[in-house]
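Thanks for coming, everyone. I'll walk through one model this morning, from the whole chain down to single residues. Please bring it up on your screens.

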Amino acid sequence: MASIKIRNICKQYGSGANAHTALSNVSMDIPDGGFVALLGPSGSGKTTILRAIAGLETLDGGSIEIDGVTVSGPNTHLPPEQRRVAVVFQNHALWPQMTVAENVMFPLLVTHKRSAEMEQRVRDALANVDLEPLAERYPDQLSGGQKQRVALARAMVGNPQVILFDEPLASLDVELRRDMQRLIARSRSPQTAIVYVTHNQEEALALADRVAVLSGGKIHQLDTPLALSQEPATRMVASFVGGRNILQAKVLRSVAPGTVLLEFNGYTFTARCHHQPTETTAWVSVQPSAFACAAQDDGLGMQVDYVFFQGDSHLVEGRCVAGENNFLTVRLPLSEKPAVGSQCQLRITDAWVLPENAA
């Protein structure tokens, strides 16, 4: 079994005026068999966390435990080869002179002589990623998706305590990404903890039990995919996960436990909340899909600037026509395509009041 405990880890690069804080007092727990995705923009600190768990970075402060053993901490830094941690990189990192089978076997040969048991484990690992027929090929004879399958098989073959994924699907096309998502989901084990680094929110929400949203070296929210989607804790999370619209609305009154009546640009609507706001205004997040067309003069007016066809819907971008000139992103059914340059009326079908201390 393997669990990961991360406590107040810090990492800074450079010094003086050139100093950059990559991590600032980051803490999280990943239970046995847990799958946590680290989601955030470039430079948010997610890859630094992964490298610290792998032992590829030393910490300036804090500690990391794997299965109860401190692997990084004050005066402690266990080298990567002693951590039973496997890493799947974006660029595959395969040995070009080795066959597929030899690449997968390599982690086993580091500490043991080749044996019949090893060969069977390699065959099993390749079968798990549907690559057994390609065992004798070389990396330059494989597609990008096949190379990533080899990297996944190599990570699994040694029964590691932890598997770390560093943007593993970033270089693959849409269909190959979907195939790899299925294989990663299938590779999960109750004995292995998984940490998955990505900037792609669809991957994070589809695969992980919990998602840590990072920015500026800090965790803004660590929660289930459902909670992140429906109840973001900060404006950064609201805008990054789902591209939600963020409005500053006037608080009118409470209408029921967990529901308040708000007004924005003369349009009134209800929103969900944890607690009744104490201020006269509140920040509210609205998903693009939580808008619908309204009758004339009976909704929130928007000037349509752009309309993008999305296959099953239209993504409409524009500006409020009165009061606050907010930029809105709205997803509408194919039957309700507005014309560019026109004005349309919208009603809000679902909204969430951000906590009052949300940044």
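One definition before the counts: helices here are DSSP runs of H or I with at least four residues, strands are DSSP runs of E with at least two, and both are numbered from the N terminus. On that basis, the protein chain has eight helices and 21 strands. Keep in mind that this is a predicted model.

Overall numbers next. The C-alpha trace spans about 75 × 45 × 40 Å along its principal axes. The chain has 359 residues, and 46% of them count as buried. It exposes about 17100 Å², with carbon and sulfur atoms supplying 48% of that area. Now contacts. Take those between residues at least 6 apart in sequence: 64% of them join residues at least 24 apart.

K5 sits in strand β1, residues 4–13. What does K5 touch, beyond its neighbours within four places in sequence? The list is M28, D29, S63, I64 and E65. Look at D29 in particular. It lies 24 residues from K5 along the chain, yet their C-alpha atoms are separated by 4.7 Å.

Next, helix α1, residues 46–54. This helix is mostly covered, with seven of its nine residues buried. Those seven are K46, T48, I49, L50, A52, I53 and A54. Note that a lysine, K46, is on that buried list. Just after α1 comes G55, with a positive phi of about 90 degrees.

Now the open sheet. It has six strands, in the order β7-β8-β9-β3-β10-β11, and the pairing is mixed. Which strands stand at the edges? They are β7 and β11, the latter being residues 218–223. Each has a single partner strand, so one side of each is left without a neighbour in the sheet. From one strand to the next, the twist averages 20 degrees.

Strand β8, residues 162–166, runs parallel to strand β9, residues 193–198, and five bridges connect them. I163 stands opposite I194 of β9. As a reminder, side chains in a regular strand alternate between the two faces of the sheet.

Helix α4, residues 144–157, lies across β7 and β8. Its angle to β7 is about 175 degrees.

Two backbone angles around β8 are worth a look. Most residues other than glycine have a negative phi. N159, in the loop between α4 and β8, has a positive phi near 50 degrees. E167 is in the loop between β8 and α5, residues 174–186, and its phi is positive too, at about 45 degrees. Their surroundings are another matter. N159 counts as exposed, because its relative accessibility is 51%. E167 is at 11%, so it counts as buried.

Which residues make the nonpolar patch of about 280 Å²? W95, F106 and V110 do. W95 comes from the loop between β7, residues 85–88, and α2, residues 100–109. Its relative accessible area is 37%, so W95 is partly exposed. Patch residues need over 30%, so W95 qualifies on that count.

Last stop: two hairpins in a row. Strand β12, residues 245–256, and strand β13, residues 259–264, run antiparallel and are joined by five bridges. S254 has V260 of β13 as its bridge partner. Two residues lie between the strands of this hairpin, and G258 in the turn has a positive phi of about 80 degrees.

Then β13 pairs with strand β14, residues 267–272. The sense is antiparallel again, over six bridges. V260 turns up here as well, standing opposite A271 in β14. This hairpin also has two residues between its strands, and N265 takes a positive phi near 55 degrees.

How values were computed
Residues are numbered from 1 along each chain as its sequence is written. This is a predicted model: local features need pLDDT of at least 70, side-chain atom pairs count only at pLDDT 80 or more; totals for chains, interfaces and linings use all residues. Side-chain values use heavy atoms; hydrogens and water are left out. Patches are made of residues with over 30% relative accessible area and no salt bridge: like charges are joined within 9 Å, nonpolar side chains (Val, Leu, Ile, Met, Phe, Trp, Tyr) within 5 Å. Accessible areas come from the Shrake-Rupley method with a 1.4 Å probe; for residues, only the protein chains shown count as cover. A salt bridge is a side-chain nitrogen of Lys or Arg within 4 Å of a carboxyl oxygen of Asp or Glu. Buried means under 20% relative accessible area, exposed over 50%, partly exposed in between (1.4 Å probe, protein chains only). Two strands pair if DSSP finds at least two bridges between them. Axes are lines fitted to C-alpha atoms, for helices over the stretch in contact, and angles run from 0 to 180 degrees between N-to-C directions. Contact means heavy atoms within 4.5 Å.
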